[in-house]
Amino acid sequence: MSTTGVSAVAQSYQMFNPRAYLQNNYMPPRANFASEDFVVPWKLRCLADAFATGEVCGHTLIDIGTGPTIYQLLSACDFFEEIVATDYLEVNRDVIHSWVRGEDPCAFDWSPYIQHVCRIEGKGEPWKEKEQKLKKKLKKIFPIDVHQHNPLGSLLSQPADALVSSFCLEAVSPDRQSFDQALQNVTTLLKPGGHFLMIGALEESFYLAGEAKLQVVPVSERDVQEAFAKSGYCIRNFRSYTMPPSLKIGVDDVQGVFFIHAQKST
Ligand SMILES: C[S@@+](CC[C@H](N)C(=O)[O-])C[C@H]1O[C@@H](n2cnc3c(N)ncnc32)[C@H](O)[C@@H]1O
Ligand SMILES: O=S(=O)(c1ccc2c(c1)CN[C@@H](CF)C2)N1CCSCC1
C-alpha cells in the first residue's frame, strides 16, 4: 500500500465540501427520477431489489463511507435493528447527525429519494414513516479509515450482519493495490456469510466537491469483481450502468456505475 498516496488522499479530503458534493450529485437536474432508465432510480432499484430478496437481514448493518448522504440506507431500514453510519470526516458525520435530529431547516431534502423508494418497494409505506424509521435506526455514527487494518478501531464490538457502501473505496484509494487492501480491511467488519452491497464509480479519475478536487482510482467491472473474489466473496449479483453524455457536466469524469451484491465466505 502506498502510504504517501493514502496521506495525500487524506489531505485532499480536508477541503471536501458536503453541500457542494450534494449539489453536484444529488440535486436536479442531474438527479432525475423521471424514468427508471436514469441513474438515480437505477441505483435505488438495485438496492431495493437486493433487500427484497429477504436474504440481506440481521441485527446490524454498517455503511462504509456514508458521507453526507442517506439514500443508500432507505431500503435497508426494514431489515435491520441497527444501522451504523461511518465517515472519515467529522463534517460529514455532523451532516448525518443533524439530519437524524431534524434540527437544521437548511438540511438537504431527501424526500424525493424517500418517496421514490416507497413507490418502488410497493408496500404503500408513507414516506414520512420510512424517514422516521431510518432516523430511529441510525443510532451510531462512527469515524472510519478504510486504510487501517481495523477500520473502526475499537468501536465495533462484533462483526456486522451486512455492509453497504456507495462511491467510497475507489474515491479514497490512490491505486488498485490500496483499493484491494481497503476491501480486505472493511471485510474484517463483516461476519462470515454476511452480505456486502456496494455501489461505485467505473473508470472515474476525479471528482469535485467545492474547492476540493479528489483523485479516484479508475476501476473496471473486472477489477471490482477480482477484488471481491480476492477478498473471499461469492458474487451473488453484478450490474452496471453506462453514464449518458448528458450527465457528464464536469464535476467528475465517471463513465459508469456498478452495483455488486457479494456474500462473504463462511
Ligand atoms: C464520494 S464520497 C461517497 C459519499 C456517499 N457514500 C455517496 O454515496 O455519495 C466518499 C466518502 O468517503 C469518505 N472518506 C474519505 N477518506 C476515507 C477513508 N480513508 N476511509 C473511509 N471513508 C473515507 C469521504 O469523507 C466521503 O464522505
Ligand atoms: O448517482 S450517480 O451516478 C453518482 C453519485 C455520486 C458520485 C458519482 C456518481 C460519481 N462520482 C462519485 C465520486 F466518488 C460520487 N449520479 C451521477 C449522474 S447525476 C446523478 C448522480
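A: Start with a polar contact, a pair of N or O atoms within 3.5 Å. Here a polar backbone atom of Val146 is 3.0 Å from a nitrogen atom of ligand 1. The protein buries 98% of the 590 Å² that ligand 1 exposes when taken alone, by the Shrake-Rupley method with a 1.4 Å probe. This is a predicted model, in which local features need pLDDT of at least 70, side-chain atom pairs count only at pLDDT 80 or more, and totals for chains, interfaces and linings use all residues. Side-chain values use heavy atoms, without hydrogens and water.

Q: Which side chains make polar contacts with ligand 1, and at what distances?
A: An N or O atom in the Tyr21 side chain is 2.5 Å from an oxygen atom of ligand 1. A polar side-chain atom of Asp145 is 3.0 Å from a nitrogen atom of ligand 1.

Q: How do the residues around ligand 1 divide?
A: The shell has 12 nonpolar, 8 polar and 2 charged residues. Tyr counts as nonpolar and Asp as charged.

Q: Which residues come closest to ligand 2?
A: A residue is near a molecule if one of its heavy atoms lies within 4 Å of it. Of the 16 residues that surround ligand 2, the closest are Tyr21, Asn25, Arg30, Lys43 and Glu204. The protein covers 100% of the 480 Å² of accessible area that ligand 2 has on its own.

Q: Which polar side-chain atoms lie by ligand 2?
A: One belongs to Lys43, 2.8 Å from an oxygen atom of ligand 2. Another belongs to Glu204, 2.7 Å from a nitrogen atom of ligand 2.

Methods:
Residues numbered from 1 in each chain as written. Chains lettered and ligands numbered in written order. Polar contact = N/O pair within 3.5 Å; in protein donor to acceptor, adjacent residues only side chain to side chain.
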